[in-house]
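Look at the model first.

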Amino acid sequence: METRSLVGSGVQLSVLGQGTWQISARGAAADEAIEALRRGIELGMTHIDTAEMYGNGDAEKLVGRLLRDGGVRRDQVILASKVLPQNASYGGTLEACDRSLRRLGTDVLDLYMLHWPGSHPIAETMRALEKLVDDGRVRALGVSNFDVEELEAARGALRHHPLAFNQVLYHLQERSIELNLIPHCEKHGILVVGYSPFGQDRFPTGPKLRVLEEIGKSQEKTARQVALNFLTRKPITVSIPKSQKQGHTEENSGGAGWRLDDDEVQAIDRAFPLRVRRELPML
Ligand SMILES: NC(=O)c1ccc[n+]([C@@H]2O[C@H](COP(=O)([O-])OP(=O)(O)OC[C@H]3O[C@@H](n4cnc5c(N)ncnc54)[C@H](OP(=O)(O)O)[C@@H]3O)[C@@H](O)[C@H]2O)c1
């Protein structure tokens, strides 16, 4: 699968990755989830997104299990995790990262980010993220749910490592980041990692679904594959659908590796118009 480069670190992110929020981390469903992640990696969806918040650390432990006894080597995946805003003081960030590394069973995170803006001064959090990069515990640093002004404050607080990515909500019915945030990120080489590409469980239905199905027909793609392709059509965007079913993951992997033509992009534009928001939308 095609990859996109993160500035400063050389980390290569697969255009489609795999999310782990609300993934089943126990019992038979966890075995199924591991199998789906493993299959996704085999298909090139090597960017695995997790967070200390997900299942109170259980999602990170599940990814750790995937690496320990799921038949996946550490060097076959790009691991991303997040520090919660309430932990994001200087010392708190360093400690949170250590805990995440332990749960994942690895020495280094490829991507590490602040989950959303909080009350600790951003300069403290950025200083901690830079220290983690200096110490070789993190390869690329970034943020999540940051709007333009917040991004600029974060960038301004960094001393010697670039802000490599911003993970934000991006699906067909929530495209407002295309107005200002994506152009701003394009200008500064900040990769946009779009989350919840299916709107969690609000994938389009009715006439809107039929638009996607109709477009998919000519290229033998499903509506979800069309959606993922649209969301990753710009070289600055990647997407991280979550699935714990192997069949769904296989379907999702088919969202990359081909291109919608201009007429198809315009048809999607018309069916899912951009709406201006006063604030950056987030889940
Ligand atoms: N930074 C943030 O604040 C933030 C916020 C939200 C999410 N995220 C990240 O982004 C990831 C993705 O977002 P998300 O989990 O909110 O939602 P999503 O990826 O938009 O949707 C996940 C839902 O879609 C279903 N699904 C996936 N592929 C499918 C397919 N081919 N056919 C039918 N159903 C399918 C999944 O069910 P199955 O599992 O049963 O397939 C699950 O119910 C998260 O897991 C997380 O890693 C980050």
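Leaving aside neighbours within four places in sequence, serine 81 is in contact with Thr50, Ala51, Glu52, Glu60, Ser100, Leu109, Leu111, Tyr112 and Met113. The model is a predicted one. Serine 81 sits in strand 5, residues 78-83. Its relative accessible area is 0%, so serine 81 counts as buried. Cysteine 97 lies 16 residues from serine 81 in sequence, and the C-alpha atoms of the two are 8.4 Å apart.

Strand 8 (residues 163-169) and strand 9 (residues 191-195) run parallel and are joined by five bridges. Valine 168 has glycine 194 of strand 9 as its bridge partner.

**Helix packing**

Two packed helices are described by the angle between their axes and the distance between the axes. Two pairs are set out below.

| Helix pair | Angle between axes | Distance between axes |
|---|---|---|
| Helix 4 (residues 122-134) and helix 5 | roughly 55° | within 8 Å |
| Helix 7 and helix 10 | about 175° | 10 Å |

How do the residues of the contact of helix 7 with helix 10 divide into nonpolar, polar and charged? Start with the geometry. The angle of about 175° is over 145 degrees, so helix 7 is roughly antiparallel to helix 10. On the helix 7 side are Lys208, Val211, Leu212, Ile215 and Ser218; they meet Glu264, Ala267, Ile268 and Ala271 in helix 10. These residues divide into six nonpolar, one polar and two charged.

Now the other pair. With axes crossing at roughly 55°, helix 4 is oblique to helix 5. The crossing is right-handed. Helix 4 contributes Ile122, Ala123 and Met126 to the contact, and helix 5 contributes Ala153, Ala154 and Ala157. Here the division is six nonpolar, no polar and no charged.

Helix 8 (residues 223-231) is mostly covered. Eight of its nine residues are buried. They are Ala223, Gln225, Val226, Ala227, Leu228, Asn229, Phe230 and Leu231. What covers them includes helix 7 (206-218), strand 10, helix 9 (246-253) and helix 10 (262-271).

**Positive phi in two loops**

Most residues other than glycine have a negative phi. Asparagine 56 is not a glycine, yet its phi is positive, at about 55°. It is found in the loop between strand 4 (47-49) and helix 2 (58-69). Serine 196 also has a positive phi, near 50°. Its place is in the loop between strand 9 and helix 7.

Is each of these two residues buried or exposed? Asparagine 56 has a relative accessible area of 72%, so it counts as exposed. Serine 196 has a relative accessible area of 13%, so it counts as buried.

Technical notes
Residues are numbered from 1 along each chain as its sequence is written. This is a predicted model: local features need pLDDT of at least 70, side-chain atom pairs count only at pLDDT 80 or more; totals for chains, interfaces and linings use all residues. Side-chain values use heavy atoms; hydrogens and water are left out. Two strands pair if DSSP finds at least two bridges between them. Helices (H or I, at least four residues) and strands (E, at least two) are DSSP runs, numbered from the N terminus. Axes are lines fitted to C-alpha atoms, for helices over the stretch in contact, and angles run from 0 to 180 degrees between N-to-C directions. Angles under 35 degrees count as roughly parallel, over 145 as roughly antiparallel, 65 to 115 as roughly perpendicular and the rest as oblique. A crossing is left-handed if the near helix is turned anticlockwise from the far one by less than a right angle, and right-handed if clockwise. Contact means heavy atoms within 4.5 Å. Ala, Val, Leu, Ile, Met, Phe, Trp, Tyr, Cys and Pro count as nonpolar, Asp, Glu, Lys and Arg as charged, and the others, Gly among them, as polar. Buried means under 20% relative accessible area, exposed over 50%, partly exposed in between (1.4 Å probe, protein chains only).
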